[in-house]
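Hi,

Here is the structure I promised to pass on.

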Amino acid sequence: MDAFSKAVGRALYADDLRLPGMLYGKILRSPHPHARILSLDTRQAESLPGVRAVVTGRGLPVPYGILPVSQDETALAMEKVRYVGEPVAAVAADTEETAGRALQLIRAEYDPLPPVLSLEEAIRGKGEPVHAKGNLHKAVSLKFGDANPPEEPEYTREDAFFYEGNTHLPLEEHSALALWKKGRLVLYSSTQTPFHLRKILAKVFGLPEDAVRVIAPKVGGGFGGKLDPFAHDLCASKLARDAGRPVKITLTREEVFYCHRGRHPAWMNIRTSWKKTGELLEMRFRSCLDGGAYGSFGVVCTYYQGGLQPTTYRIPSYTVESARYFTNKPPCGPKRGHGTPQPRFALEAHLDKVAEELGLGPVELRLKNLAPPDSTTVNRLRVTSSGLRECVEKAAEASGFRDKFRKLPYGRGIGFALGSYLCGAAVPIYWNEDPHSRVRIRLDAKGGITVFSGATDIGQGSDTVVVWAVAEILGVPPEKIRLVAADTDRTPFDLGTYSSRVTYMAGNAAREAAENLLEKVYRRTGGRRMPFEKAARIAVEKEGALESWGSYKPPLKPANFKGSGVGPSPAYSFCACAAQVQCDPRTGRVRVERITFAHDIGRAIHRPSVEGQIEGAVHMALGEAFLEEQTFHPSGLHRGPGILDYKFLSSLEMPEVKLILIESKDPGGPFGAKEVGQGPLLPVIPAVANAIYDALGIRMDKTPFTPENILLALERKSCGRIPRVGPEGFPDIPFPEPTHIPASLPGETVPC
Amino acid sequence: MTKFLLDLKVNGRRRRLRTRPHKTLLEILREDLGLTGTKHGCELGECGACTVLLNGKSVYSCLVLAPQARGGEVLTIEGVPPEHPLIRAFVATGAVQCGYCTPGMILAAKAFLDRNPTQERTSWDREALEAVSGNLCRCTGYAKILEAVRVAAGKKSRRR
Amino acid sequence: MLRLPAFRYFSARNLGEAVRMLMDLGPEATILAGGTDLLPKMKRRQIRCKALVDIRLLKEISGLRRTGENGGEVHIGSGVPLAEAASHPLLEEWDAVRQAAAQVATPSIRNAATLGGNLCQDTRCIFVDRSEEWRAALGFCLKSGDGAVCHAAPGADRCRAVFSGDIAPALMAAAARVRLCGGEGTRLLPIEELYRDDGRVGLTRKHGEILTEVLLDRRSCRESVYLKLRRRDCFDFALLGVAIGLLRDQAGTVLQARIALGGVSPVPFLAWEASRTLLGNPLTPESVAEAASICARLAKPISNADASPSYRKRMAAVLVARGLEELLRKPS
């Protein structure tokens, strides 16, 4: 919708904004991964000409966190620093150069502590823990369904996998511009959730929420990396208040790596039992997450480790054990897929191994065990529309999977996997009864239509969806509709852009608002049939401007157990993917020749946007599969905090992507639509791993699939050892006794 | 350090401003001339977001020193006519998602098309991808970007 | 936004002026050509200089021309942008040089980066090409400051930062020479003598000297190829660069052979021990394999790049073999 303004360079992102008298802010960051702060002397910095304000931890002492259960951060470190790059102080000055010089004048004294830099170290727990309560942040232990498998297992298999941590790397560096107007804070920020950010700013500054206004300008990519509230949002606001002038803080690319909140490294272990004919009887899924220094969305990620496996497969007896540990590294959080790509990788690669041992085709094994539409999963998730079977069959057919699997010459291979994702979390971050999205439409005195929506477009096309939904109902061209978005003063409440909720929720709210407007307008025309624009003119002639509202709240209540808030969604998208690869066994480099992708979108509202999301998700997945890793040196330093070092695919590495859209017409989605922003990432990584096995006979049970690891696995194969690269077993973690949630109790109504 | 007079043409207009030698063309464009269409993703020449045309060639404006632009002709995204086939094609094919890479991407593509008006050769697609290989995109997966460049060149769209 | 520190800027109008400026300003002045290697390092405060002498206007370093009997010699001005070198008709006979130029970074970098700049680029290391804050947190090292340690090779007494330029190995395989002009006059050297095995100061070029041109002689090499190992097909520096130059007679007997390796040590170097084994006979699968294996032995990378030393070492054999096979397949 705003593609034109972006293409001609007129769209404004946070760093493009400037205000009269604006100051530049910069943040001083910890050089230690773990240390006590002994002293922080800012006097020299304060007296540097051009410096207008300086703030340290004491200046912003109220703790916060994106989740109510993880309010463990302060804007600037107090007493202790917990990762290299953690914000410690901030200054505002007339120029960015002066601010930089001021940082160098701040005298910080630290007492270093031994750092915890890996899962093994966190679990062992030597030395001072990252947080007072210990390194174990969260442990989940749930058993769903039947206490015992329904039949005697005839075959059991257990596999271990490791998924490396990686980060979002949106092309736009985070930026925030703050000013105070008559005691009210106004913050422009490159954020995915203006309303959450407002809530946290209000909390930290001790203000009522309506004294804070947050506006998201155009956002240059987020992928989950701009969901958390950050030091730069809070410090810009504080510095602006102290200096009495607007303050802008724009991060350098290196600083974006320290914000992180990306993919948790995950060590996983999956054990399944089966009948020899390929029916799944029981699954135990274990996962251990390396969470970094703070909570962020980590508790939710921990639950998601076991959350979505049952939306694709029937699992009569299902045990999940997952844990998250703190380490002295930048905090991990939500990245596209939010805690589901790691388990999906493990599950789909494990299924491939099972299929081989049972003598069944990978597609056949999956078809035998698909979770059906209109059913409740063993972990109490309500699945409504599902085009999963059709996705599997179409992807297999279009890729020629059955003709190629195990039949291509050595070095070439094809692999298969499927996936599923939510269309927005049914339960909001802050549990309440309010709608998750509201949309207002104003029909002004001249018949002009303006839509007000709190949803934030980060490039995924949500503005387009909202406008299209209104245009479709009213029967007017989308170009005639103005959109005002993502401004907590002017637009109604919306939870924000995450968990793929916007199309479903804001889209539905927009649809409802449009339907209400239609009804209001035609009531004033005496019900006579005529085009909307004509009817609108008559209606406003009589009464002046008209307004209508729409809202959406998922019609679900979570089930009654701890952790049930994570997973439920009004609908789920489904997808299946075949990856064809060409491997060079001498260099270990893999070229992905083609990705064949079938996605159950429910209904494609705007086809180019849907395709663009799938192609983009495939691109990001391939980055995670081959190139991306967020790793750390023993000193705690990020090994490569830059775009040259942290690599993702350029235009030259991207394969051909063949797309098939399945429209299962979800009954609850706006016009039947479901999500596409995150789901398509999920099956690509395991499909590639499975393809590499088909090509070379080696199992890449750990990401990324680097040339070095491919050669290592080939070497093991040629020595007669197990031809794989990956972890063994699972660490010894003190999981609590599992809470048993049976499939249903007699007389209990299934949640709907 | 002493200021000097920078005299150059930007988007066809002569601009003169006093600046310092350690300013980059990126900073001059965004901060002195208010042309914020040119973006920055790394400031180290590792992403391409700051691409502009200097004397008809694509360069990273974050690596061009102000004095190096003296007497030069700079084209930024603001100087590309809105009716240009590339702009129309990028919008129509869905090649714009978050839009942050788009200005640099369009200018890199323009430099390619200016040198390569449609010629039928099998390597054209590969050459177009190479022409934008210096512009990273995190959103689109490049598929629609290639499509837009093809459409702008007057080639038949590949979409079914 | 990352910004440059302040410095004095001078634009030289001719070679003599450029040399005089460098001499007058002293060792805190640096040559500026395309700036694509220098500016990122200045932004990260890896290189600190008080003055830049811009040599782009110098006519003496521009353009390409043919000289010598039968036009057998080509001079390439050091100021020629890599994009121009990558497709220049005068370089038709030197595939390796064109291939190397075409594979540097990205099109936008190649439009600004110069031949001389690529040859004189600073050595690289994953512990050095970092911001000042990052290096300070780790502790400055032999190259990154006045430190006395090496983070890549603990206990090392000298710096082993890597020369990762692509053009140098290609020119070595072509037996090229370079001209340096300075306060004490001009000197012409084989390209290999431009480099010294020291990651800190990897060039033998003296302060005040400017590399003005590269000379290629048709008699020294007829067939050549350059292969670059990296993770992506653009942006990335070479994890390993292999350049091969051969002179063969009608029967395919190898009369001259030069194999140059880059990206595995502070200097690009000629693997004489390997190329010697190819002389006097046509290429065979066995002689190719032997030369490749010797190159892998001669390559001694350490853990200061974005791929393990053992991988880069192993790939030396793979790429040398591939390069020789590629030349074998070409019609002579």
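In these notes, helices (H or I, at least four residues) and strands (E, at least two) are DSSP runs, numbered from the N terminus. By that count, chain C has 11 helices and 12 strands.

Two points on conventions before the rest. This is a predicted model, in which local features need pLDDT of at least 70 and side-chain atom pairs count only at pLDDT 80 or more, while totals for chains, interfaces and linings use all residues. Residues are numbered from 1 along each chain as its sequence is written, chains are lettered from A and ligands numbered from 1 in the order in which they are written, and side-chain values use heavy atoms, with hydrogens and water left out.

**Chain C as a whole**

The C-alpha trace of chain C spans about 60 × 50 × 35 Å along its principal axes. Its radius of gyration (taken over C-alpha atoms) is 20 Å, which agrees with the value near 20 Å for a compact globule of 332 residues; the globule rule is 2.2 Å times the number of residues to the power 0.38. Of those 332 residues, 62% count as buried. Buried means under 20% relative accessible area, exposed over 50%, and partly exposed in between, with a 1.4 Å probe and protein chains only.

Contact means heavy atoms within 4.5 Å. Among the contacts in chain C with a separation of 6 or more, 63% are between residues 24 or more positions apart.

For the charges, Lys and Arg count as positive and Asp and Glu as negative, while His and the chain ends are not counted. Each charge is placed at NZ of Lys, CZ of Arg, CG of Asp or CD of Glu. Chain C has 47 positive and 37 negative charges, and their mean positions are 4 Å apart.

**Domains**

The bounds here come from an automatic or database domain assignment. Chain C is divided into domain 1 (1-53) and domain 2 (61-119 + 163-328). The contact between them takes 12 residues from domain 1 of chain C and 13 residues from domain 2 of chain C. Taken over C-alpha atoms, the centres of these two domains are separated by 27 Å.

Chain A is assigned domain 1 (3-113 + 173-219 + 226-258), domain 2 (266-426 + 561-725) and domain 3 (437-552). Between domain 1 and domain 3 of chain A, the C-alpha centres lie 35 Å apart. There, 16 residues of domain 1 are in contact with 18 residues of domain 3.

**Some single residues to look at**

A:Ser70 sits in the loop between strand E3 (51-56) and strand E4 (80-81) of chain A. It counts as buried because its relative accessibility is 3%. Leaving out residues up to four places away in sequence, A:Ser70 touches A:Tyr64, A:Gly65, A:His137, A:Gly295, A:Ser296 and A:Val299.

Most residues other than glycine have a negative phi, and most peptide bonds are trans. With that in mind, here are some exceptions:

- A:Thr703 and A:Pro704 are joined by a cis peptide bond, with omega about -15°. A:Pro704 is in the loop between strand E26 (699-700) and helix H19 (707-718) of chain A.
- A:Ser500 is not a glycine, yet has a positive phi of about 55°. Its relative accessibility is 14%, so A:Ser500 counts as buried.
- B:Glu43 has a positive phi too, near 60°. This residue lies in the loop between helix H1 (25-32) and strand E3 (51-54) of chain B, and at 2% relative accessibility B:Glu43 counts as buried.

Best wishes
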